[in-house]
Amino acid sequence: MTTASSFSQENITEITLNVDEKAPVISKHIYGHFAEHLGRCIYDGFYVGDSSSIANTNGVRNDIVEALKELQIPNLRWPGGCFADTYHWKDGIGPKKDRPTIVNTWWGGVTEDNSFGTHDFLNMCELLGTEPYLSGNVGSGTVQELADWVQYTNFGGISPMSKLREENGRKEPWKVKFWGIGNEAWGCGGNMTAEYYANEYRKYATFISDWENTGGLLRIASGASSDDYHWTETLMKNIPKNLLGGVALHHYSVINWGKKGDAVTFTDAQYFRTMEEALKMEELVTKHSAIMDKYDPKKKIDLIVDEWGGWYEVEKGTNPGFLYQQNTMRDALLAGATLNIFNNHADRVRMANLAQAVNVLQAVILTDKAKMILTPTYHVMNMYKVHQDAKLLPLAFESPKYTFEGKSLPAVSVSASKDSKGSVHISLVNIDPTKDNEVEIDITKLGLKNVSGTILTSKNLRDYNSFDEPDKIEPQNFKKFKVKKRILKVTIPAFSVIVLEGN
């Protein structure tokens with residue numbers, strides 16, 4: 001979020017940081033992830049089976065678990081996505097040999113054996129130390145089916161679903177808090193109108209908790225696609241507030257749905273368009289929040305951006321339905337800028353999910369049999385984890401421009417926070433692919449004595465980590481800054497992401 005502020009020195013951008021006791025805390029859940037039954041995200045990604053030669057715990061890859069634990073991922077969304085509204089959870093419990101198969105009609109038309117189900121996912125979340133976010137089947141499911149799933153996962157007393165859970169090897173409930181009531185109801189979740197879905201939501205939400213929502217669940221409505229503000233308005237107007245914990249929003253940084261462009265060999269024009277779509281998140285969050293404010297001025301209902309990221313053409317030679325794409329410095333910049341937007345809107349945005357965790361779209365992890373690599377996006381998420389549950393430091397500045405063929409975008413993106421130990425973190429992104437930018441930050445009010453920095457950049461904007469060069473892009477120490485008379489002056493290199501720490 002940038003607001004106008006005068007700056008006195010030519011080519012230097014002044015950033016004003018404020019310490020505001022009323023500022024919101026940046027919820028750790030903004031740094032959530034997404035694991036859909038899509039391509040090689042689950043099978044041959046997270047899950048290799050317990051007979052695999054790849055080190056695993058109950059079939060889940062240990063190296064992926066350790067990598068995601070390093071990120072301190074706060075939540076993980078499953079099983080979809082579009083897949084969620086064709087998924088029937090009872091097909092994924094009980095002895096694996098007895099489970100029916102399912103044809104994944106959304107993603108590649110492959111047949112899955114349901115060997116990765118509710119127990120596998122929720123136990124994996126315990127391994128990861130993360131909270132599960134379950135997407136319920138509204139499109140092809142029933143109210144009873146979803147109510148049973150809630151009872152199966154959450155109820156510790158005597159009930160039919162508790163008995164079934166124990167018979168399948170789990171005595172204590174998992175206590176799942178986050179529940180999505182359908183997914184993309186306007187599209188693959190049923191092609192519903194907003195008015196129709198609002199009524200469906202009311203019905204489903206009524207039966208998966210008690211009427212006053214004292215069951216400890218956060219029920220999340222299937223929200224708008226990008227700038228469909230009518231959808232958000234309709235839900236906020238027609239759903240009783242005691243039934244609504246969050247409203248979702250989906251936005252992908254897509255150049256053209258019919259011709260998305262290559263993930264690596266993109267043109268300068270395609271790069272500009274991708275950044276334009278990424279930075280549109282500022283407008284989307286602002287306008288959807290304003291609608292929510294009309295009906296919920298105390299901001300009790302969360303805005304949850306549970307699908308976001310870059311979407312390009314799949315890598316050559318891979319299944320087009322598997323959405324496998326490489327991850328370059330462009331994606332690192334997209335991630336850094338988007339997370340800055342979420343941080344700065346932490347008063348309403350309280351949860352988000354990057355799409356997706358492994359081998360799909362803007363993945364943080366890619367695998368090839370036993371090999372695993374961490375993408376530039378992974379490194380940005382790791383650098384930014386310092387903002388999780390830290391208090392937002394509001395800021396104001398006017399960004400220098402990144403101009404291409406007569407059009408301009410803000411080149412610099414910034415967010416800042418102060419953690420419980422008193423450390424201040426400032427994250428800066430420069431999306432300009434050719435020009436360094438200089439900023440000055442008045443740190444007088446922050447009382448900082450020591451400042452250090454980390455940077456993610458590379459020699460080329462189109463660089464990426466491959467299985468042959470897995471560490472081509474990784475964070476490095478950053479020293480292009482100086483502090484003089486309580487002014488922190490930073491030179492942000494072209495196409496780079498920086499996190500500064502001060503105490």
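These legends describe close-up views of a predicted model.

Residues are numbered from 1 along each chain as its sequence is written. In this predicted model, local features need pLDDT of at least 70, side-chain atom pairs count only at pLDDT 80 or more, totals for chains, interfaces and linings use all residues, and side-chain values use heavy atoms, with hydrogens and water left out.

**View 1. Strand S23 and its partners.** Strand S23 covers residues 451-456. Helices (H or I, at least four residues) and strands (E, at least two) are DSSP runs, numbered from the N terminus. Two strands pair if DSSP finds at least two bridges between them. S23 pairs with strand S27 (residues 496-502) in the antiparallel sense, over six bridges. Here isoleucine 455 faces isoleucine 498. Strand S24 (residues 476-477) also runs antiparallel to S23, joined by two bridges. Threonine 454 stands opposite asparagine 477.

**View 2. Two sides of helix H4.** H4 spans residues 160-167, with Met161, Ser162 and Arg165 buried. Buried means under 20% relative accessible area, exposed over 50%, partly exposed in between (1.4 Å probe, protein chains only). The buried residues of H4 pack against helix H2 (118-128) and helix H3 (143-154). The face turned away carries exposed Pro160, Lys163 and Glu167. Glycine 169 follows H4, with a positive phi near 100°.

**View 3. Phenylalanine 342 and its contacts.** Contact means heavy atoms within 4.5 Å. Not counting residues up to four places away in sequence, phenylalanine 342 touches Ile30, Met281, Val285, Val305, Trp308, Val349 and Ala352.
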